[in-house]
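Subject: Structure handover

Dear colleague,

Please find the structure below. My notes on it follow, beginning with the salt bridges.

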There are 2 protein chains.
Amino acid sequence: MAPVPDIAYHTLNDLDHSWSMAPSASTIPMGEYIFRRIQSLGVSSVFGVPGDFNLNLLEHLYSVEGMSWVGCANELNSAYAADGYSRASNKMGCVITTFGVGELSAINGISGAFSEYVPILHIVGTTPLSAKIAENNHTHHLVPKLSVFEPSDHFTYEKMVAPVSCHQETVVNASDAPGQIDTLIRQILKYKRPGYLFLPSDLADINVDGDFLIQRTTQQFYQSVDTNQSLTREVATKVLDKIYNCSNPAVLGDILCDRFQVTEHVRAFVKNACIKSFSTFMGKSVLDESDSRYIGTYNGVESNNEVIGYFQASDLILHIGNYYNEINSGHDTLYNNIDEEQLILMHPEYIKIGTELFRNVNFVHVLDVMLQMMDVSQIPRGISPTLSKKEINHIEHISASTPISQTHLLHKLQDFIKEDDFVVVETGSIMFGLPDLVLPKGARLFGQHFYLSIGYALPAALGVGVAMKDGNSKGRLILLEGDGSAQMTIQEFGNYVYQQITPIIFLLNNSGYTVERIIKGPQREYNDILPNWNWTEIFKTFGDRYESKSETKKIQTVEELDQVMLYTNNNNSKLKLFEVILDQMDVPWRFSYMTAASKNKAKIVG
Amino acid sequence: MAPVPDIAYHTLNDLDHSWSMAPSASTIPMGEYIFRRIQSLGVSSVFGVPGDFNLNLLEHLYSVEGMSWVGCANELNSAYAADGYSRASNKMGCVITTFGVGELSAINGISGAFSEYVPILHIVGTTPLSAKIAENNHTHHLVPKLSVFEPSDHFTYEKMVAPVSCHQETVVNASDAPGQIDTLIRQILKYKRPGYLFLPSDLADINVDGDFLIQRTTQQFYQSVDTNQSLTREVATKVLDKIYNCSNPAVLGDILCDRFQVTEHVRAFVKNACIKSFSTFMGKSVLDESDSRYIGTYNGVESNNEVIGYFQASDLILHIGNYYNEINSGHDTLYNNIDEEQLILMHPEYIKIGTELFRNVNFVHVLDVMLQMMDVSQIPRGISPTLSKKEINHIEHISASTPISQTHLLHKLQDFIKEDDFVVVETGSIMFGLPDLVLPKGARLFGQHFYLSIGYALPAALGVGVAMKDGNSKGRLILLEGDGSAQMTIQEFGNYVYQQITPIIFLLNNSGYTVERIIKGPQREYNDILPNWNWTEIFKTFGDRYESKSETKKIQTVEELDQVMLYTNNNNSKLKLFEVILDQMDVPWRFSYMTAASKNKAKIVG
């Protein structure tokens, strides 16, 4: 048997019986403190599912005007929704669950957020302090030990979540709580990773010192970590010198720009320096793709040949906000034919210029200084593309065996997606077709491109939609969803109706797990999903009986696709679902290519 | 920040490159070995969701005739289904998921199974051995570390599941694999708890020694642990002596009888000894309730007064298969007014006679010896109840504010449930009404009475239904489901249609989380669920468009309830869902009582 971790996280001695403060002018109930702190960071919607151990906390939500509760159908969905909210708002997401049964149901969503640098505060209402102290601790929702002779551990779940969170705090008394809460949130915002607050159900009502809400300013929470100013200047100078001395530089914009809020810096740099730019697979929509110097999405050998050509013609690459992983590196081919000396990496944890590595320097500050210091006249203009952007990013055709193919849909989406639209894409084959699109100004793309948990996008789009409402976004919400993925988290469609968000949904019905059919077992039943779902009835069943808020249509031909796209452009008020019938084995070219590549790596790097 | 467990579970040195055996007459692919072993234990259906890291394994399912794949809509549901399958079949459940995204989605179902002694083999298809060894280990589905300077840990999930499993094995080569697989399964069956097999995706096809399949017999797997024979005899004698010397003995049958397969022993003992019996809250249906000596469900102060009276009149209680926890002890009132010397506890880990504790003795063997040795003439007949069983277990009325109340439904269920019916009850207020029923012979009740994770019952009933089909059960499947709970795991209704299981479903629609409204916030929106679902359309939407396999009806009155129950008794072929409209605050009496009790414990023990 594998050893059980034996770490004394908390002993009962840590638990303080004299927990509440004497009431005074500045005291405030703990629950209210938590929601006021969350609100102070610009977050106005929290997601979750009620449970007996978090009801006391939820009550305090109603003391804070402007805070909204978005109850979800289950906890995994609520974690995905909080993730979507965070990505779309560029603020912290917040999810509230109950002890054990709730928090464990959400853990895969949290693991995905951790994997993709999404800051989420996960508050878990736990067994009360009184139960933790009591001798009989076989409490419901608490997994016992293997032997009945071992007492249950009320802190067992705290230990389980350590690998998927940057920080955990368990509240045990009033005096420490505000500090714990604030420390936790600062860590979440620093690392852009989920963190956990464990709140015993009998502590939500106790009084804490409310003065901290004023003393610790919002700015202090969002402030990036201080770095050595002279080092920052030294590094910025080195980067600029390297640029001045090359002949054909390019920026490769990546996902961590968005997560660490340097997107605007990078866009300004690209624009002011008149420098050529590419986005990575995960970094798509970080750069302004309508900028004349933007070329396309580069993902190593898994890119359009023209994009590869322009990328590799560069003699200096500034890879900014880089997240190097299997998927985002074109299966380890991202720097093919690029010499180490031709590469500058700007990452939240380090800057690397050629072979020189600098740590304890923050890329936000370096970019700031670069923007101030740069001499545009010294920046080489490089080689201009001879092809139009449309020619470079042509969507490659493969033979389509049904009236509508994914490739055809991608062609149509190129024109359908408008300025400021937010597009959420499910993990699935369509995700690997989107790099060929050139997005209009202000359009943003969201998906779980690295962790790749299917079912993510449907609830995440709820979160994106709520964030768009909270932030008064101008654009539309578009969801590209798969049939197998949708089945995973389908109940949250009911929340689209309830929360009155109005995405345009393309439900790609290819009768199963097409991604997996391509990998193995094209005809095997294990790649079948639950069959014959009546997708166009889903909103009627899930809360919109008379279709007053939604409309749906099944489309099978190119002509029908044109019709619904045209109709949608002129009719925006209702939630729309279009069931797009596709062939079981129809995928965008890059997906076939990538699958072959990962099966036989030698083939693609040779 | 809480410390991250730093345990060297596996180092890369453990991983063996020379993994495959030379083919010989007895070699067999690893995947086939696994499925043949599972089948040898009487398990013929496995549940799960495909993913790129388990497809190689799933292929081998088709080499084993008689094994069935039950693909589920998501992983949490598949874990619940495997749990239901195990409970109903009294065999091991099996669930197959993929690395990270799949296994973590299932973890709450596994935690519930661990909490309620349900043996489940959870097989996780992991990253291939080649990826674990490779230098670049930022693989999809694998949560990275907090810092990019720390390498990802391909074994991180193995560590996370330790608290919810009795044993974990990671396969790394061919020679050790059969031993690892068999050891793991023996542990699962010994502890009746879930265990994990982590199988790298590139090892499913390698050859292993198939001889073990014959050498290690099925009996060896199910065999209970040997104990000291003279101690067993000594303990059995002491128990019998204690019975011979009392005047009014009773058996309290509990859940672990069922889990550790001593139900038949206990039933035989109760019958042969003509001894009075009670079941616990969790142990309901362990005893034959049609037996004339069966009195009712006893759960401390949370019992009918008549049951309490008869229980406390006993001067010796044999509590067999006891699972003492918050819920199953009537909030710690189970032994009220029972002296320690009047109590015999027979548990898988120990026997306790009065104040004497015996460990290393198996209650299966002790019961065996008791059955052989007992002299029925010496067993006192005790006091016979003066009331009829119906009078003792009367379902207490509370005022009903709607045409149908839960109390009324319980009255009707008393007659509706027939011999050999399997009843699955969701976590919710109705669960706390069922103790007042007296079940007919062969009827069984399933629910997650201690862990209490809502959403469990709907997919668990799928597993129960599949087990009933596999085992050619005679009775019907009845599901008592709540509206809020059903929303959690609703997609698995599609699998009812696909797998052609035909339960009778009572969907209790009380417009929200009634359990929580009773505890706090009766009018708060956080206790609302997604509103206005059209429950009677659900099967049409989820695969049975023309209602060829299902029928549904919304019922609001006592008369309509009578009608559908009568109709159902005469029409069994189709899956049926009855949406029962209830008042938001209508609950069985015990639930109100229990909630008040747990809020103010002093009140109930005083």
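A:Arg37, A:Asp182 and A:Arg216 are linked in a network of salt bridges, where a salt bridge is a side-chain nitrogen of Lys or Arg within 4 Å of a carboxyl oxygen of Asp or Glu. This is a predicted model, in which local features need pLDDT of at least 70 and side-chain atom pairs count only at pLDDT 80 or more, while totals for chains, interfaces and linings use all residues. Residues are numbered from 1 along each chain as its sequence is written, chains are lettered from A and ligands numbered from 1 in the order in which they are written, and side-chain values use heavy atoms, with hydrogens and water left out.

Salt bridges

Over all chains, the structure holds 40 salt bridges. One of them joins A:Lys412 to A:Asp562, with the closest N and O atoms 3.1 Å apart. A:Lys412 belongs to helix H16 (residues 406-416) of chain A and A:Asp562 to helix H22 (residues 558-570) of chain A, so the pair ties together parts that are 150 residues apart in sequence. Helices (H or I, at least four residues) and strands (E, at least two) are DSSP runs, numbered from the N terminus.

For accessibility, buried means under 20% relative accessible area, exposed over 50%, and partly exposed in between (1.4 Å probe, protein chains only). A:Lys412 is partly exposed because its relative accessible area is 28%; A:Asp562 is partly exposed, at 32%.

Another salt bridge is formed by the side chains of A:Glu537 and A:Lys540, at 3.3 Å from N to O. A:Glu537 has a relative accessible area of 23% and is therefore partly exposed, and A:Lys540, at 24%, is partly exposed. In chain B, the side chains of B:Lys159 and B:Asp153 meet in a salt bridge at 2.4 Å, N to O. B:Lys159 and B:Asp153 are both buried.

Chain B against chain A

Chain B and chain A bury about 9100 Å² between them, 61% of it on carbon and sulfur atoms; buried area is the accessible area (1.4 Å probe) that two parts lose on being put together, summed over both. B:Leu146, B:Phe149 and B:Tyr526 supply 8% of the area that chain B buries against chain A, more than any other three residues. The contact (heavy atoms within 4.5 Å) takes 101 residues from chain B and 100 residues from chain A.

Between the two chains the count is 2 salt bridges. B:Glu59 forms a salt bridge with A:Arg524, the closest N and O atoms being 3.0 Å apart. On the side of chain B that touches chain A, helix H4 (residues 101-115) of chain B gives the most, with 8 residues.

Domains of chain A

Chain A is divided into domain 1 (12-222), domain 2 (229-383) and domain 3 (394-599), with bounds that come from an automatic or database domain assignment. The C-alpha centres of domain 2 and domain 3 of chain A lie 31 Å apart. Their contact takes 19 residues from domain 2 and 23 residues from domain 3. These two domains of chain A bury about 2000 Å² between them, 60% of it on carbon and sulfur atoms. Across their interface the rule finds 2 salt bridges and 8 residue pairs in polar contact, both at pLDDT 80 or more. A:Arg444 forms a salt bridge with A:Asp258, the closest N and O atoms being 3.1 Å apart.

Two local sites

Helix H10 (residues 229-244) of chain A has 16 residues and reaches 22 Å from its first C-alpha to its last, close to the 22 Å expected at 1.5 Å a residue. That expected span is 1.5 Å times one less than the number of residues. The buried residues of H10(A) include A:Leu231, A:Val235, A:Val239 and A:Ile243. Among the elements covering the buried residues of H10(A) are helix H12 (263-272), strand E13 (343-347) and helix H14 (363-373) of chain A.

B:Met30 is in helix H1 (residues 30-40) of chain B and counts as buried because its relative accessibility is 0%. Not counting residues up to four places away in sequence, B:Met30 touches residues including B:Val171, B:Ile181, B:Leu199 and B:Val208.

Regards

Technical notes: A polar contact is a pair of N or O atoms within 3.5 Å; within protein, one must be able to donate a hydrogen and the other to accept it, and residues adjacent in sequence count only if both atoms are side-chain atoms.
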